[in-house]
Amino acid sequence: MVKRVARTVRKYSKLYLLFVKNCILAEMEYRANFWMGIGVECSWLISKLLYALVFFQSGIDIYGFSPDAMLVFIGMHTVMTGILISFFWPNFGRMTEYVRTGTLDVLITKPVSLQFIVTLRHFSFGTLIPNVIGGLVMIATGLIRLRLDIGWREISAFAIFVALSTAISYGLFLLPNLLTFKVVEMGPINMMMSQMQEMNNVPMIVYSKWLQFAGIYLFPLFAISNIFPLFVLQQADPGMLAAAFLSPVVLLLAIRWLWGRAIQSYASASS
Amino acid sequence: MNILGKYGYAFLLGFKRTMEYRLSFFLSILSCLFPMVIQYYLWTSMYAHSTDLMIFGYSYRQMILYVLLASLLTLVVSAGFEWEIASDIKEGGLNAVLVRPLHYFLYRISSFLGGKLLQVLLSLAVIAALLMVYPSIAGQMWQLRDIAWFAAALLNGVVMNMLIFYCLSMLAFWISEVWGVFAGFGVVSSLFSGGVFPIEVFGVVVNRLLDYLPFKYIVYFPVNVLTFRVTGTAVLEGIAIQLGWMALLALLAQVIWRIGTKKYVSIGG
Amino acid sequence: MSILVQHLTKHYEYYEKEVGLRHSLKNLFHRHKLIKEAVKGISFEIAPGEIVGFLGPNGAGKTTALKMLSGILHPTAGDASVLGFRPWERKKAFKRQISIVMGQKNQLWWDLPANESLYLNKCIYELDDRAYADTLDELVTLLDVKEQLKVQLRRLSLGERMKMELVAALIHQPKVILLDEPTIGLDVLSQQSIRHFLKQYNREKQATILLTSHYMQDIQALCDRTLVINHGSLVYDGPLTHIRHADRHIKRITLQLYDAVESHVLEQFGRLTVHKGLQATLEVPGDELKRVSLLLLEQLPVVDFTVEEPPIEDGIAELFKRVAVVR
């Protein structure tokens, strides 16, 4: 039993590394496209910095969080956005195409998890770099200006929370995309999702209490960008930390079940 | 074809397409909501923790009114046809249009406007509703004359934005990765046109720069006309500047089109 | 039995689309649902190592049937067993032993060179290095695409791409191979080499092959046995030669005249099926073709003259009428 699990883990890790390698190679083929992508991400970075600028220009402390603290939130959001659009969006965006061109049919017949191959096959290297670098710089700048330590404790906390937030992002943003199997026009749904993601442009403390509650415990959108900053600023309560660990589990299980249902309905409804 | 004429027909087709993708339509309306929500909460908490009653020269109610109106007007002035024009240029669809007795831009715009009609009507309806809720902010009631000035400023803003994106779309003649230009430009332009924050938030230096660019006249100026932050001769000045930009951009568009199609035809389409 | 199909049925729902602005507005709020019967209770058996053709006009249900046998679709009713598995249960062990190739749809990844795509398949099917290398070498040699392995897929010609697809499809040595329109859109040379390859592969590996096509030549070259499907039902199951009898080698001549000719004159040359203005279409038996053509060109004011085989729909329509006779 353990051996089988180990073999499966090995198989899927190997496959994923191949996916990443192949995508980077393919991306490097289109030099102009690659640099253009970097340019676009930089303009998004600029827009996020402009949000930060608003806080700094106003000089206002919200609930005791200074503009420097805000920088940590915006930085985390930038890093997580980078991860979302590099690892997951290139795949979620292609799902409609897979259905339309019949590629999904071919993938169904392969002895590999359909969810794995559909949601993780593509990876965008160019969009990752500016966002991760920019985000890390923002977080570090904020923490330094606040005279807080950046030691092993903080760095490992960061790594753990990034992993948890990545899982939450995967689950949350895949959810509406499961409609692909029924609805042809996914563009507006994805647009709505990216608008929702914009809500993390500002720290969640600006929102009302019940909205914050919903955003952490019911639909963990805020959990993605806010829990780590709150933790490192020593403002996170235990409930939030528990949610940070539990929501990925709940979401991933829900996705697994819903995915099965969606594919079932696809196989029964089409020709 | 009937009384509509060919451009009227393109308009109608654009409208019909909205009907087909009904989910698409409902959701595009809904997606306007999020920026409004974000801005509302942002400024509410800013003002709640501010020692001053005025931030960046706006009172709380003025700020909220600004961000809500700006959000709606951004939807009204938004383009989107640049993708189709770019793909026409890159994939040779332009050939079909160049040989027909059709003015390309007018055709694309008619189709585009047809698709936007419902969206624009709804946005304007919401604006009207908003204003009925906030009548006291401006300190005065709206006369027909005020609405007329606003309409003019708004219309100019729409045309300006369309011309800018039309010019951008023609970059497809030279740049194959023009999608990046649209995306990157769109992000920055929506901020600098005052579509998210009133441009005062960016500080003195940036504001000085924006005085020489067309952006602030697309959303920022029309909103401020409506909320009476700009009055009297300043309104006329602003509209004149808008007209000036429109003329300049139209000329630029003509020039780019001429150079671009020449290159396009010489390559063989 | 390699493949066993019993009363397999597939219905699916779709929405009626009507023209006009009023209907478009109505559609915003309510749509009318309809049911299409794609496959209506078909039954057949295929023994291991057979090559069987699935013939039928567009929309007959061939692709739908194939998709059910590969596990892509769930049937509405009926049962099927492929290598002892129920396809739509999609067990890993089942997937490892079958392969489906669909004409225009890609197995291989568009942005990669073929060998990288194939290597991905190696990992997906968990093939060991030795077996993979040997099989790969054998297949690319047989199909003569060894040089193209390192080339990006989008740079290959359609024929080369199709051959690579076949390599990818067979790299794991499947026991059952389902092919949906494998030669569609290919040039004649490629079509021939693929047919030749499939015949050889079947002979050497004893793999069961089920292929659909609406090209008669595919079926002729490869299949000893044909299943004819029309409007979702199986109308014929047997050797190809018997269908050819039904077909009677009819040839269709389309004439473009520069002077009007009366119908009764044209009818002397063959069966007149179409006569409109200066265009006419005649059907003549194949062995009469040469004689009739010479006469036509001599005696009639002919500007243009084309000869073709009547489309398969005609042959099958014929088949419908003759089913009782053949049985």
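**Chain A and its neighbours**

In this predicted model, 34 residues of chain A are in contact with 29 residues of chain B (contact means that the C-beta atoms, placed from the backbone, lie within 7 Å). Two helices of chain A, H2 (31-58) and H9 (187-197), each supply at least two residues of the side that touches chain B; helices here are DSSP runs of H or I with at least four residues, numbered from the N terminus. H2(A) provides the largest share of that side, 15 residues. By class, the side of chain A that touches chain B comprises 20 nonpolar, 11 polar and three charged residues (nonpolar: Ala, Val, Leu, Ile, Met, Phe, Trp, Tyr, Cys and Pro; charged: Asp, Glu, Lys and Arg; polar: the others, Gly among them).

H2(A) also packs against helix H7 (residues 125-145) of chain A, at an angle of about 30° and with the axes 8 Å apart; axes are lines fitted to C-alpha atoms over the stretch in contact, and angles run from 0 to 180 degrees between N-to-C directions. That angle makes H2(A) roughly parallel to H7(A) (under 35 degrees). Among the residues that meet here are Phe34(A) and Leu45(A) from H2(A), and Ile129(A) and Pro130(A) from H7(A). The contact of H2(A) with H7(A) draws on six nonpolar, five polar and one charged residue.

Over at chain C, the contact takes 21 residues from chain A and 28 from chain C. H1(A) gives the most to the chain A side, with six residues.

As for conventions, residues are numbered from 1 along each chain as its sequence is written, with chains lettered from A and ligands numbered from 1 in the order in which they are written. Local features need pLDDT of at least 70 and side-chain atom pairs count only at pLDDT 80 or more, while totals for chains, interfaces and linings use all residues.

Notes: Two residues are in contact if their C-beta atoms, placed from the backbone, lie within 7 Å. Angles under 35 degrees count as roughly parallel, over 145 as roughly antiparallel, 65 to 115 as roughly perpendicular and the rest as oblique.
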